[in-house]
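I wanted to write down what I looked up, in the order in which I looked it up.

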Amino acid sequence: MINLLLIWSISTISVEYLQTLPMPVLVGVGGGIGAICRFSVDMIFDDGRQSLITINIVGSTALGIVISVPLTPPAVAIFGTGVCGAFTTFSSHVVSIVDTIETGNYSRAGIDVTVTLLASLTGVGVGQAIGRIIY
């Protein structure tokens, strides 16, 4: 319980302090958080393909929430650009698709592209709906 109180007091001070930092620093802080979250999801899934698709869908949904609620510019820098930007994995996903194509598995590559695109677009819409409900 003491640890939770300590974390709460530090986080309250940290939020006030973070808002005084320059935008590039805020994006970097968020990016560090997003990268740690992404690595954690990678560790949960053994198959890199499942991890990449899950990350892109969850990240798109989270970004939908971020863009649909009224946040301060520093909060958007941290959560939108930083966390969601570092968490999602478009470049890694493209490399995975190219690798799949090079093995001759065109149908799997096509399915991965289609599922990721449609599910991520849906995720943004769902995230915006959640954001509107929250706010």
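Predicted model: local features only at pLDDT ≥ 70, side-chain atom pairs only at ≥ 80, totals over all residues.

I then asked which residues of helix 5 are buried, and the list I noted was His93, Ser96, Ile97 and Thr100. Looking down the axis of helix 5, I saw that these buried residues fall within an arc of 100°, and therefore they line one face of the helix. On the face turned away from that buried side I noted the exposed residues Ser91 and Glu102. I also looked up what covers the buried residues of helix 5, and the cover includes helix 3, residues 48–68, and helix 6, residues 106–134. Just after helix 5 I checked the backbone at Gly104, which takes a positive phi of about 85°.

**The whole chain**

Next I stepped back to the protein as a whole, where I counted six helices and zero strands, so that from the N terminus on the elements run α-α-α-α-α-α. Of the 135 residues in the protein, 30% are buried. I looked up contacts between residues at least 6 apart in sequence, and 77% of them join residues at least 24 apart. The accessible surface comes to about 8,400 Å², with 73% of it belonging to carbon and sulfur atoms.

**Charged pairs**

Side chains of opposite charge can pair when their charged atoms come close. I therefore searched for salt bridges, taking a side-chain nitrogen of Lys or Arg within 4 Å of a carboxyl oxygen of Asp or Glu as the cut-off, and the count came to two.

One of them joins the side chains of Asp42 and Arg38, at 3.5 Å from N to O. Both residues lie in helix 2, residues 23–44, where they are four residues apart, about one turn of the helix. I noted Asp42 as partly exposed, with a relative accessible area of 26%.

Another salt bridge is formed by Arg49 with Asp112, whose closest N and O atoms are 2.7 Å apart. This pair links distant parts of the chain, since Arg49 is in helix 3 and Asp112 in helix 6, 63 residues apart. Is Asp112 buried or exposed? I found Asp112 buried, with a relative accessible area of 2%, while Arg49, at 27% relative accessibility, counts as partly exposed.

**Helix 6 and what follows**

I stayed with helix 6 to look up Ala129, which has its place there and is partly exposed, with a relative accessible area of 35%. Ala129 and Ser68 are 61 residues apart in sequence, yet I read a C-alpha to C-alpha distance of 7.9 Å between them.

Tyr135 lies in the segment after helix 6. Since the cut-off for exposed is over 50% relative accessible area, Tyr135, at 67% relative accessibility, counts as exposed.

Methods
Residues numbered from 1 in each chain as written. Heavy atoms only, no water. Buried < 20%, exposed > 50% of the residue type's maximum accessible area, 1.4 Å probe, protein only. Helix = DSSP H or I, 4+ residues; strand = E, 2+ residues; numbered from the N terminus. Arc of directions from axis to C-beta. Contact = heavy atoms within 4.5 Å. Areas by Shrake-Rupley, 256 points an atom, 1.4 Å probe, with all protein chains shown as cover.
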